[in-house]
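Subject: Structure for your review

Dear colleague,

Please find below the structure that I am handing over to you. My notes on what was found in it follow directly after.

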Amino acid sequence: MATEEVLNAIPHRPPFLFVDEVVEASENSLTARRHVPDTESFFEGHYPNNPIMPGVIISEAVFQTGAIYMSRLFADKIKDDPSLVPVLSKIENARFKSIVRPNDTLLITVKYKESVGAFSFLDGSVQTEDGRKVMTVSFCVALASAKA
């Protein structure tokens, strides 16, 4: 279940919310936790009798953690214009290192590299709570207006 802090930071909601809580934050990084319950609907088809969390969902957890970090980094801008939301604009070098199974708990870390104009570049990594490396990825996020 997502904490109030997570729900206040990003617009994502269940069933498409893959971050439960922020466990550590600094000026240049943020780490979140996600317990992967065995009740996730994607396990029914990915794969029956051998459930594996899809890489795209693991990646989304990283990007949502990046959005939480961005909401902190640009809190003043977002306060001035509440229609601004962090959106993914580039993905590079995604590497999957091990499988995520039901009931694993993930620690998702994003680290800030730099901003160029409206774009912020981050590195993401995921590991299980017991230290097994799951994935790494570099990505870019921009603030964009959510107004139609």
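Predicted model: local features only at pLDDT ≥ 70, side-chain atom pairs only at ≥ 80, totals over all residues.

Residues are numbered from 1 along each chain as its sequence is written, and side-chain values use heavy atoms, with hydrogens and water left out.

Ser-120 belongs to strand S5. Helices (H or I, at least four residues) and strands (E, at least two) are DSSP runs numbered from the N terminus. Not counting residues up to four places away in sequence, Ser-120 touches Met-70, Leu-73, Phe-74, Tyr-112, Glu-114, Ser-115, Phe-139, Cys-140 and Val-141, where contact means heavy atoms within 4.5 Å. One of these, Cys-140, is 20 residues from Ser-120 in sequence and 5.5 Å from it in space, C-alpha to C-alpha.

Overall architecture

The chain contains three helices and six strands, and along the sequence they follow the pattern α-β-β-α-α-β-β-β-β. The radius of gyration, taken over C-alpha atoms, is 15 Å, which agrees with the value near 15 Å for a compact globule of 148 residues; the globule rule is 2.2 Å times the number of residues to the power 0.38. Along the principal axes, the C-alpha atoms fill a box of roughly 50 × 25 × 25 Å. Of the 148 residues, 42% count as buried. Among contacts with a separation of 6 or more, 62% join residues 24 or more positions apart. The accessible surface comes to about 8100 Å², of which 52% belongs to carbon and sulfur atoms; areas come from the Shrake-Rupley method with a 1.4 Å probe, and for residues only the protein chains shown count as cover.

The sheet

The six strands form an open antiparallel sheet in the order S1-S2-S4-S5-S6-S3; two strands pair if DSSP finds at least two bridges between them. Strands S1 (21-25) and S3 (84-96) stand at the edges with a single partner strand each, so one side of each has no neighbour in the sheet. On average, neighbouring strands are turned by 25 degrees against each other, direction ignored. Axes are lines fitted to C-alpha atoms, for helices over the stretch in contact, and angles run from 0 to 180 degrees between N-to-C directions.

The antiparallel pair of S4 (residues 105-116) and S5 (residues 119-128) is joined by ten bridges, and the partner of Lys-111 in S5 is Asp-123. Asp-123 also stands opposite Ser-138 in S6. S5 and S6 pair in the antiparallel sense over nine bridges and form a hairpin with four residues between them, where Gly-131 in the turn has a positive phi of about 100 degrees. S3 and S6 pair in the antiparallel sense over ten bridges, with Phe-96 opposite Met-135.

Two further strand residues deserve mention. Thr-128, in S5, is buried, with a relative accessible area of 2%; leaving aside neighbours within four places in sequence, Thr-128 is in contact with Asp-104, Thr-105, Leu-106 and Val-134. Lys-90, in S3, is partly exposed at 39%, and, with the neighbours within four places left aside, Lys-90 is in contact with Ser-138, Phe-139 and Cys-140.

Helix H2 (residues 55-73) lies across S1, S2 (29-35), S3, S4, S5 and S6 (133-145), at about 50 degrees to S6. A nonpolar core is a set of buried Ala, Val, Leu, Ile, Met, Phe, Trp, Tyr and Cys residues joined through side-chain atoms within 4.5 Å. The largest has 37 residues, of which Met-53, Val-62, Ile-68, Leu-106, Val-126 and Phe-139 touch the most other members. Helix H1 (4-9), S2, H2, S4, S5 and S6 each supply at least two residues of this core, and H2 gives the most, with nine. Ile-68 is in contact with Val-6, Ala-9, Ile-10, Val-19, Val-22 and Leu-30, leaving aside its neighbours within four places in sequence.

With kind regards

Definitions and conventions. Buried < 20%, exposed > 50% of the residue type's maximum accessible area, 1.4 Å probe, protein only.
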